[in-house]
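Colleague: Hey, could you walk me through this one? I'm new to it.
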Amino acid sequence: MSINLSKRTRTIMGFFLFIPLILSFLIWGIGDMVKAAGTTRYAGMVGNTTISVQELQRAYSQQMETLRRQGMNIDGEMAKSLGIGNSVMRSMIERELLLQAARDYGIVVSDKMAASEIQKERAFYDEDGKFNRDKFKQLLQNAGVSEQEFVGGLRGDMSIRILLGALQTSAIPPAELARAMYVLQNTKYTADIYSISHNAVEGIGNPDDAELKAYYDAHQDKYQRPEMRRMTMAVLSTKDWQKNLSPSAAELKEIYDTRKPEFSEPEERSVQFVVLPDEETARKTAERAQIGRA
């Protein structure tokens, strides 16, 4: 399988190259998020996987540096008002969800596939235009990243690409979904807003009991709440009950005897016959067959 991830590989490499900038960006709006995570020692949790504060700080610093490279002069207060910290956190959660989905579907990136993608990255080439492992290791060392960390990030990106590629090429949305999306995207709404001050309200009456009851009887539906019922539901999957299933040999034999027709095939026989013109010919043919003559 060949996957073009050169751009993605550069993104990972750039991520690690900007690790030294983390300390300078910690004061740029991510401080509150880090403080909130201080009591739990992690920034977020997806299933049983936690996102550490250090991982969040790395991703935040990378995003801030990307914005600076794009010419945006942004400080900590502006980043906070724009919700950049929350946006980075959402992206990390989405990535972890995709990684877990890829694992659930059994998507595995082999050593050979990962090595092939690394060798395609021109940042690791020497002057002769060939992959240079020493240069590869040197760049990782300069970034303060181990080879295991880099390859792990690359494997994650490749597994996500495989998962999304399979979904994009095989998923065909139903016509009703396409129609609903079209209506949602092209529907326009208008609204009229009226503001009435307290001083503008005059002539408030003082209804008696009879008037109040008459109004209530005419609008009882506004003063009622739908009946609510509580339901308890138990879900038992095949995997759950199979864990505790350990039948004995006698039980297996009893089940087999009960369902024996399901595990056996009926006997079949083949019959050959010859059509002859009269009884005398049939008799001679039978005699020749009995003595083994054609």
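Colleague: Okay, how many helices and strands are there in the chain?
Modeller: The chain has 14 helices and two strands. Keep in mind that this is a predicted model.

Colleague: And what share of the residues count as buried?
Modeller: Out of 294 residues in the chain, 22% count as buried. The accessible surface of the chain is about 24100 Å², and carbon and sulfur atoms make up 53% of that.

Colleague: Which contacts in the chain join residues at least 24 apart?
Modeller: I can give you a share: taking contacts between residues at least 6 apart in sequence, 71% join residues at least 24 apart.

Colleague: Let's get to the inside. How many residues does the largest nonpolar core have?
Modeller: That core has 17 residues. Val109, Ile118, Phe136 and Phe150 have the most contacts inside it. Helices α7, α8 and α9 each supply at least two of its residues, and the largest share, six residues, comes from α9.

Colleague: Why would residues like that sit together?
Modeller: As a general point, nonpolar side chains in soluble globular proteins tend to be buried together.

Colleague: What is Phe136 in contact with, leaving aside its neighbours within four places in sequence?
Modeller: Phe136 is in contact with Ile118, Phe124, Phe131, Glu147 and Phe150. There's also a second, separate core of 13 residues, with Ile51, Leu56, Tyr60 and Ile84 among them.

Colleague: Switching to Met92, is that one buried or exposed?
Modeller: Met92 is buried, as its relative accessible area is 16% and the cut-off for buried is under 20%. You'll find Met92 in helix α6, which covers residues 84-104.

Colleague: What does Met92 touch, not counting residues up to four places away in sequence?
Modeller: Met92 touches Ile51, Glu55, Leu56 and Ala59. As for Val46, it is 46 residues from Met92 in sequence, with 9.6 Å between the two C-alpha atoms.

Colleague: Now charges. How many salt bridges does a search of the whole structure find?
Modeller: The search finds 12 salt bridges. In general, side chains of opposite charge can pair when their charged atoms come close.

Colleague: Which residue forms a salt bridge with Lys120?
Modeller: Glu117 does, with the closest N and O atoms 3.3 Å apart. Both residues lie in helix α7 (residues 111-120), three residues apart, about one turn of the helix.

Colleague: And is Glu117 buried or exposed?
Modeller: Glu117 is buried, at a relative accessible area of 3%.

Colleague: How far apart are the closest N and O atoms of Glu176 and Arg179?
Modeller: They are 2.8 Å apart, and the two residues form a salt bridge. Glu176 and Arg179 are three residues apart in helix α10 (residues 175-186), which puts about one helical turn between them. Glu176 is exposed at 58% relative accessible area, while Arg179 is partly exposed at 46%.

Colleague: Which residues do salt bridges that share partners join into one network?
Modeller: Glu280, Arg283 and Glu287 are joined that way.

Methods
Residues are numbered from 1 along each chain as its sequence is written. This is a predicted model: local features need pLDDT of at least 70, side-chain atom pairs count only at pLDDT 80 or more; totals for chains, interfaces and linings use all residues. Side-chain values use heavy atoms; hydrogens and water are left out. Helices (H or I, at least four residues) and strands (E, at least two) are DSSP runs, numbered from the N terminus. Buried means under 20% relative accessible area, exposed over 50%, partly exposed in between (1.4 Å probe, protein chains only). Contact means heavy atoms within 4.5 Å. Accessible areas come from the Shrake-Rupley method with a 1.4 Å probe; for residues, only the protein chains shown count as cover. A salt bridge is a side-chain nitrogen of Lys or Arg within 4 Å of a carboxyl oxygen of Asp or Glu. A nonpolar core is a set of buried Ala, Val, Leu, Ile, Met, Phe, Trp, Tyr and Cys residues joined through side-chain atoms within 4.5 Å.
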